[in-house]
Amino acid sequence: MKIVTAVTFFALMLCFAQASGSDGISVSAGPIISNLAPMDSVYENRFLTPGTSVGLAVDIDAPGILNFRISGEYFWKNSSPLGWDGELNAFMISIMPLVKYEIFKKFSVFAGAGGVFITGKYSGTNDFGEFVEVEGNSAGFTFSVGTEVVLAGPLSGRLEYRRSFADFKTDNAIIDGEESSVYPPVEADLGSSQFCITFPVSLFGGSRSIF
């Protein structure tokens with residue numbers, strides 16, 4: 001349901017941008033791939049290496065240096081090569097205004113900050129030999145910096161660094177298959193650090209747009 005809602009949201013934003021194209025607003029969209037690493041120390045101890053996230057970014061460019069970016073990503077990481085029997089899955093939606101500046105022809109830099117919503121599931125064996133399953137969601141803050149270069153026609157390439165901050169707290173978990181109360185409540189850092197590669201395509205409203 002959350003994925004369907006995100007897809008619907010992206011579709012509505014695309015329709016809005018297309019309708020506003022005559023006012024100088026352009027829209028681009030493209031796939032994201034990232035080596036995302038959660039910042040929680042438990043993740044580092046269990047998994048040891050970053051995981052992978054993939055998703056879609058939609059940019060709405062207004063006249064001037066201010067842009068607006070919406071992105072949705074799915075992150076997953078299976079058990080480590082050392083034999084840990086767990087996994088982590090998460091879905092993230094971020095919305096942020098950006099300042100974008102063209103330094104050279106076809107080469108730009110950008111930076112921005114905004115909000116992020118994270119929902120996910122974590123499972124694995126804890127230090128006491130119990131198999132723990134937890135799920136939940138949180139909202140937080142994210143910032144982004146990067147560069148973008150026009151590759152050919154409507155296609156561009158983007159290298160971006162993102163850092164997200166979000167916390168999660170729960171007093172309920174499934175332990176060895178049974179729902180259990182947790183006291184004191186467990187707190188986790190849902191923040192993440194990631195390097196993203198995106199290939200946005202200008203769809204409409206711009207001089208290089210497909211439509």
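Which strands each supply at least two residues of the nonpolar patch? Strand 4 (66-77), strand 7 (131-152) and strand 8 (155-165) do. Strands here are DSSP runs of E of at least two residues, helices are runs of H or I of at least four, and both are numbered from the N terminus.

Some ground rules. This is a predicted model, where local features need pLDDT of at least 70, side-chain atom pairs count only at pLDDT 80 or more, and totals for chains, interfaces and linings use all residues. Residues are numbered from 1 along each chain as its sequence is written, and side-chain values use heavy atoms, with hydrogens and water left out.

Overall, the protein has 2 helices and 12 strands. Of its 211 residues, 42% are buried, meaning under 20% relative accessible area with a 1.4 Å probe, protein chains only; exposed means over 50%, and partly exposed is in between.

Back to I197. This residue is found in strand 11 (residues 192-198). Its relative accessibility is 39%, so I197 counts as partly exposed.

Now the pairing. Two strands pair if DSSP finds at least two bridges between them. Strand 5 (residues 87-104) and strand 6 (residues 107-125) are antiparallel, with 15 bridges; one of the links joins N89 to its bridge partner K121 in strand 6. The two strands form a hairpin with 2 residues between them, and K106 in the turn has a positive phi of about 75°.

Strand 6 also pairs with strand 7, again in the antiparallel sense, over 19 bridges. There, G115 has F141 in strand 7 as its bridge partner. This hairpin has 5 residues between the strands, and G129 takes a positive phi near 80°.
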